[in-house]
Every structure is written in C-alpha cells, then in structure tokens.
Amino acid sequence: MVNSNKAKITENINQTVLVTFNHFLIISHQLEVFSRLLTLIALFFGLMASWVLNSVLLTSYSLVSFLVGLISQYYALRIAFDKKLFDYLATKYDQFPDILDELDNALLQLNLKKSKQQPLRSIEDRQKGTLKLFKKQIVLISMQLIFAIATVILGVFV
C-alpha cells in the first residue's frame with residue numbers, strides 16, 4: 001500500500017521535466033534583479049521627495065513601491081530556495097520517492113515545513129506551490145512598476 005502511494009507520487013515526472021522546470025525558474029532571478037533595482041530607486045526617490053521636494057504624495061508612492069519591492073524580494077528568496085531543491089531532486093531522480101521523504105524530514109527538522117502529518121507531496125504538487133510563489137512575485141513586481149511609473153508621472157507635474 002505504501003509503495004503504491006509512493007509510486008503514484010512520481011509516476012508523471014522524469015528528469016527532463018525537473019530540469020526544464022529549473023530552467024523556467026531562472027526567470028524568477030531576472031525578475032528579482034529588476035525588482036531590486038526598482039526597490040532601490042524607490043528608496044532613493046522617496047528620500048529625495050521627502051527631503052528636497054517636501055512632497056508627501058511622492059514620498060507615499062515611493063514608500064509603497066519600496067515596500068512592495070521588499071515583499072517581492074521575499075518571494076524571490078523562496079523561489080530561489082525551491083529552485084535549489086529542484087536542482088537537487090533532478091540529480092537524485094533515480095532515488096525517488098525515498099528522496100522526497102528525506103527532503104520532507106529535513107525541511108521538518110529545520111522548521112521549514114509545518115507538520116509531519118501532511119501526506120507525502122508529489123513533485124507536481126511541489127511545482128504547483130513554486131509556481132504560485134512565482135505568480136505572486138510577478139503580481140508584486142507589476143504593482144511595484146505601476147507605483148514607480150505613477151511616482152515619475154506625479155514627479156513631473158509637482
């Protein structure tokens with residue numbers, strides 16, 4: 001019974017799928033660099049707007065862009081961590097599903113997983129979780145960019 005459950009966890013995954021997924025996650029790093037740049041620009045512009053222009057509106061927009069950038073950086077770190085785990089899983093493909101159990105135990109010991117009572121997650125479930133993080137990162141970077149553009153437009157008219 002346990003072996004059949006473990007077989008179901010890895011039945012639709014092969015090494016090529018894992019490697020392809022890892023290459024897809026490289027996009028997250030490029031987005032993270034862009035977000036970091038926007039975050040630093042928002043901080044700099046917000047300080048200038050506060051000290052030089054005394055504009056509360058520009059300072060507020062810059063602050064929001066900065067805070068959204070910090071949240072985006074958090075998601076980028078989580079995605080980078082997941083990418084490293086998928087890199088590791090791709091090299092240990094021949095040892096599935098035991099390696100997934102070892103990974104869950106390691107995450108549990110490091111308090112990076114909530115509880116042992118959750119069933120063993122499949123690779124597909126893990127990929128879906130990482131993709132949710134990636135989508136959140138994209139939404140946050142889009143929000144950050146909108147606030148940055150709005151700040152520049154307002155700065156022209158102030």
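Is K113 buried or exposed, and what is its relative accessible area? K113 is buried, at a relative accessible area of 14%. The legends below return to this residue. The model shown is predicted.

**View 1**
The protein chain has five helices and zero strands. Read from the N terminus, the order of elements is α-α-α-α-α. Buried residues make up 34% of the 158 residues. Take the contacts between residues at least 6 apart in sequence: 77% of them join residues at least 24 apart. The chain exposes about 10000 Å². Carbon and sulfur atoms supply 67% of that area.

Side chains of opposite charge can pair when their charged atoms come close. D104 pairs with K113, with the closest N and O atoms 3.5 Å apart. D104 also pairs with R126, and here the closest N and O atoms are 2.9 Å apart. The R126 pair links distant parts of the chain: R126 sits in helix α5, D104 in helix α4, and 22 residues separate them. Shared partners join D104, K113 and R126 into one network. D104 has a relative accessible area of 4%, so it falls under the 20% cut-off and is buried. R126 is buried at 6%. K113 is buried at 14%.

Helix α4 covers residues 98-109 and has 12 residues. From first C-alpha to last it reaches 17 Å, close to the 16 Å expected at 1.5 Å a residue. Its buried residues are I99, L100, L103, D104 and L107. Seen down the axis of α4, these buried residues fall within an arc of 140°, so they line one face of the helix. D104 of this set is also a partner of K113.

N111 lies in the loop between α4 and α5. Its phi is positive, about 60°, although N111 is not a glycine. This residue comes just after α4. What is the relative accessibility of N111, and does that make it buried or exposed? The value is 67%, so N111 counts as exposed.

**View 1. Helix α5 runs over 35 residues.**
Helix α5 covers residues 123-157. At 1.5 Å a residue, its 35 residues should span 51 Å. The end C-alpha atoms are 51 Å apart, which agrees. The buried residues of α5 include I123, L133, L140, I141 and A148. R126, Q127, T130, Q137, Q144 and T151 are also among them.

I27 lies in helix α2. How many residues separate I27 and F134 in sequence? They are 107 residues apart, with 9.3 Å between their C-alpha atoms. I27 is partly exposed, with a relative accessible area of 36%.

A90 lies in helix α3, residues 56-91. At 6% relative accessibility, A90 counts as buried. Leaving out residues up to four places away in sequence, A90 touches Q15, L18, V19 and N22. A90 and N14 are 76 residues apart in sequence. Their C-alpha atoms are 8.6 Å apart in space.

**View 2. D87 and K83 pair within helix α3.**
D87 forms a salt bridge with K83. The closest N and O atoms of the pair are 3.2 Å apart. Why are D87 and K83 separated by about one helical turn? Because they are four residues apart in helix α3. D87 is partly exposed, with a relative accessible area of 27%. K83 is partly exposed too, at 21%.

**View 3. A nonpolar surface patch includes W51.**
The patch covers about 840 Å². It is made by L40, L43, F44, L47, M48, W51, V52 and L53. W51 belongs to helix α2, residues 15-53. W51 has a relative accessible area of 65%, which means that it is exposed.

Methods
Residues numbered from 1 in each chain as written. Predicted model: local features only at pLDDT ≥ 70, side-chain atom pairs only at ≥ 80, totals over all residues. Heavy atoms only, no water. Helix = DSSP H or I, 4+ residues; strand = E, 2+ residues; numbered from the N terminus. Expected span 1.5 Å × (residues − 1). Buried < 20%, exposed > 50% of the residue type's maximum accessible area, 1.4 Å probe, protein only. Patch = residues over 30% accessible without salt bridge, like charges linked within 9 Å, V, L, I, M, F, W, Y side chains within 5 Å. Areas by Shrake-Rupley, 256 points an atom, 1.4 Å probe, with all protein chains shown as cover. Salt bridge = Lys/Arg side-chain N within 4 Å of Asp/Glu carboxyl O. Contact = heavy atoms within 4.5 Å. Arc of directions from axis to C-beta.
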